[in-house]
Amino acid sequence: MPNEPADDARTQLLRTDKLTKTYAMGSTTVVALDAVDFAAHAGEFIVILGPSGSGKSTFLNLVGGLDMATSGQAWFRDQQITGLGDAALTRYRRNSVGFVFQFYNLVPSLTARENVKLVTEIAKTPMRAEEALDMVGLADRMDHFPAQLSGGEQQRVAIARAIAKRPDLLLCDEPTGALDSKTGIVVLEALTKVNAEMGTTTLVITHNAAIRTIAHRVVSFADGRIASIERNADRQAAASVRW
Amino acid sequence: MSALHIKLFREMRRLWAQVLAIALVMAAGVATLLIGVGTYQSLDQTRNAYYQANRFADVFATVTRAPRSVLQDIADIDGVLAVDGRISKIALADIEGVEEPASVLLVSLAEDSVQGLNRLYLRSGRLPEPSGATEAVVSEIFAEANGFRAGSQLKVVMNGAQRQLTLVGVALSPDYVYAVAPGEIMPNEGRFGVVWVPESVLAGAYDLSGAFNAVSVRLLPGASEREVIARLDRLLAPFGGQGAYGRAQQTSHAYLDSELMQLQSMSRVLPPVFLLVAAFLVNMTLTRLIALEREQIGLLKAIGYSAWSIGWHYVEFVLLIAVLGIAIGLALGTWAGGALTELYARFYSFPVLVFSREPSLYLIAGGTTMAAAVLGALRAVRAAARLPPAVAMSPPAPPAYRNLLAGRFGLVIELRKTWVMVSRHLLHWPWRTAGGVIGLALSVAVLVGSLWSVGGVDYMIDYTFNRTERQDATINFLGTRPASAAQAVERLPGVLAAEPFRALGVEIGSGHVTRRIAIIGRPAAASLTRLLDTNLTRVDIPESGLLLTRSLADILRVGPGDIVNIRPLEGTRQSRPVHVSALVEGYLGLGAYMELGALQDLVAEGDQISGVNVSVDTLMQDALFARLKQTPSLGQISMQTVALQQFRATMAQNLYVMIGVLVSLAGIIAFGVVYNFSRISLSEQGREMASLRVLGFTRAEVSTLLLAEIAVLTLLAQPLGWALGFLVAFGMVEGFSSEIFTMPFVIGPEVFAYSSLVVMTAALVSGLIVRRRIDRLDMIAVLKTRE
């Protein structure tokens, strides 16, 4: 298994050790994630590729604190997140993780600004909502309701909402899955910009292989395992992506 | 079974809790309809059948003494079908083992009682032998309370002489379905009863051979009661006629009437409230269900189902809920109606009183509930039927919110965003929010409208027994006696103070309105009893002029300064104008008061008094009772404590049972409204709530979204509910007020507080039940799926 050697433990933000998740499906057991060892470093932009059922979403759910591992361990910095209870996991998500969903999941009754404030109100050291929206290029759409925004704009609001609390880790599950290529690229630009300017470690799940070019590293999942990890020697700007 | 029907049943099973909550509200409507109307029908039909079978009279009159030949003259009056003359006398009775003297109404039994009116219904035993001078038949409730059976002995003082009667039978009579002692308000089961004895016995004892002192008349269909009464009065005047009256003023009949009126007012208010709420819940739930099944509807249409069959599919869903609600309601209503009827059977003596299971009533209850359900569903179903398939199959546009708060109210306060979500969500569905508020307000209103009566009755008890009629006991003479009798009473053992009174039967009138009442004459200086106005300020008895209770003044449409006509039913019988000096409050019966001397002057009879109010040293009470039993000529004693007990017992049986039922029903409304409202709110916002959990919101924070909506709804409902409840209570005062008693309209803050507490508790409980679902929100699913 071509695993990246753990070069410097101090820059490791996220680390997993034989992380495993199995589901009981009637009488058979399905192994969704099979003893995955992985590490992400602070400031990295990682694209996770893989077909449906390859385990990439399960991986994201476990490291995002949304699900409990069957065995193995996961650490966020010095904190072991496997084995945490619901309250501690909630705290972990609240303080350290930002999520971007495939279908944006904005609150329809709140404006763009208010959707961001929803999160900054409960965060420890948030940036101003306006600042976050400005970063994703939506300074002039702040008082619009989700129904008044395009899909790409909604997803950028979702990114602003995710980064406004200055999370260490940004987890994006198919962020461009519901968008056409043109608006998808704008969203990817927003993500790389945040990564560059704030140093937020970003994990982007996708089955769109075209996105691989914008990552520092590309992790490919297959059958619940990491099939390959490649480092991008020639990292491209998001604007150059085409699909 | 068709595929759509399978879908229907699966849907029902999935939404079972919501379906049940709606069905329970419907059931409450069906049950109240059944209880109210069913019990009304039971009482009304039983009464009519009983009256018919036992020939209950239409017009009644009492005289001092009239020869039986007059009966023929009465029979000759136009419109008179039958006439029945009897001897009827109140007498003291001594029941073994009961210290307090009792009183009985002795009624003569003609030898040929088959001909007469107000015929007896013999429950057990037999009628007295005409020759059996010591045999008697006794009324059922009195017999049961004292454990009388065939062969029991009863000592009765007839015209001063004690006689031992042997009870040979237990009977009922249509003129004493509800038997209260003269001058009392509530039945005194063990201490007052009717005793029927052969006519010859009473005629002998009271020197009324060949004469009668009570007459009953049955009218021909269509005859004018008023004219017969006028003729009867003229005919009976020379014999001491005390004014004839119709059924409306016959005590037993009037009590039943007031009971029927109360049932009717209940069945007019409650069922519509429940059906209205049920229709709203159906509308709310179905609208949401159809929104969720939008794509399925599109698919069904695309594969060829007609708009009609899809509409009917949802109507069937609602009808199934209604059927469930009706089934529960019918069972509950039949049971509760039966229980209530049984309760009535303890107060009212009917040969048989069973809960009416009139099929038509069941059909009406079922039909109206179905109709309410379908009406509630109509809008949602129409929307489903009209949805074009192409539109239906594409996902709905995200709900378009507007900044209502800032736009409309210029709100500058920075609310927490969760509260912004709550307020925008509520404002986004204004009709549903309004419906929820109104539903909860109705539940508060039902509570306020029923709970207030507890305080009302307490107030009435306090007013009557502690503030106005403060004597320990009242001794009523049999007939009148000179004022010196009061001094004789004062010398009895245990009597601490005695104040005389005169009760004069009169016909009081103003314009066309007349009533037969007793004017009570009291010394101006009386202190055991006193009169108060509505504000509880003491009203002194004026030297001349009349004090009227407010209820009587309302009936006569007179006020202070007006003149009323008073025609005494004894003595001079001269009609005299008397001016009304002031009004007093009085909740039990119609009352009028005068200064003792002024009243005595009215009939020019000297210093005659009817009885004495006394205050009694409780330690000496037994001695007093013993003395009264020995000296029956002194009259009949009624203890205030016993009267109060009876009053409370009667009230507890009727009112408190009813209130218990209403509190549960109001709880069902509150629970049903909040449960459905929050389930729908959760269904609409579940995805957002799960997203918030992913974003790091705690369960408690996410639950706030739901609980805050419920709280806002519940809080908004309170003032509205209080106002509606105030109106309901006011309506009930009007609906329950009869000439027998009126309810004081007093609502303390505690009534509103209790009502709110009950509704808030029900809301909280259903909110917490729904809240448990928030704990089970699927955070992983929201990452992947769209609504």
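B:Trp452 is buried, with a relative accessible area of 1%. Buried means under 20% relative accessible area, exposed means over 50%, and partly exposed lies in between (1.4 Å probe, protein chains only). The model is predicted: local features need pLDDT of at least 70, side-chain atom pairs count only at pLDDT 80 or more, and totals for chains, interfaces and linings use all residues. Residues are numbered from 1 along each chain as its sequence is written, chains are lettered from A and ligands numbered from 1 in the order in which they are written, and side-chain values use heavy atoms, with hydrogens and water left out.

Aromatic pairs come next. A pair of aromatic rings is described by the distance of the centres and the angle of the planes. Rings of Phe, Tyr and Trp (its six-membered ring) pair if their centres lie within 6.5 Å; planes under 30 degrees apart count as stacked, over 60 as edge-to-face and the rest as tilted. Over all chains, the whole structure holds 21 aromatic pairs. In one of them, A:Phe76 and A:Tyr92, the ring centres are 5.3 Å apart and the planes stand at 65 degrees, so the pair is edge-to-face. A:Phe76 belongs to strand β4 (residues 71-76) of chain A and A:Tyr92 to helix α2 (residues 86-96) of chain A, so the pair ties together parts 16 residues apart in sequence. Helices (H or I, at least four residues) and strands (E, at least two) are DSSP runs, numbered from the N terminus. Both A:Phe76 and A:Tyr92 are buried.

B:Trp452 and B:Phe745 also form an edge-to-face pair, with 5.8 Å centre to centre and 80 degrees between the planes. B:Trp452 lies in helix α14 (residues 430-468) of chain B, and B:Phe745 in the loop between α20 (699-736) and α21 of chain B, so this pair ties together parts 293 residues apart in sequence. B:Phe745 is partly exposed, at a relative accessible area of 29%. An aromatic cluster is formed by B:Tyr51, B:Phe56, B:Phe60 and B:Tyr245.

B:Trp452 has a further partner. Not counting residues up to four places away in sequence, B:Val751 touches B:Val448, B:Leu451 and B:Trp452. Contact means heavy atoms within 4.5 Å. B:Val751 sits in helix α21 (residues 749-775) of chain B. B:Val751 is buried, with a relative accessible area of 5%.

Two serines were then examined. B:Ser691 lies in helix α19 (residues 640-694) of chain B and is buried, at a relative accessible area of 2%. Its side chain makes a polar contact with the side chain of A:Asn105 (2.9 Å). A polar contact is a pair of N or O atoms within 3.5 Å; within protein, one must be able to donate a hydrogen and the other to accept it, and residues adjacent in sequence count only if both atoms are side-chain atoms. Beyond four places in sequence, B:Ser691 is in contact with A:Phe101, A:Asn105 and B:Val782.

B:Ser610 is part of strand β21 (residues 608-616) of chain B. B:Ser610 is buried, with a relative accessible area of 7%. The side chain of B:Ser610 reaches the backbone nitrogen of B:Ala503 at 2.7 Å.

Chain B as a whole has 22 helices and 22 strands. Of its 787 residues, 56% are buried.
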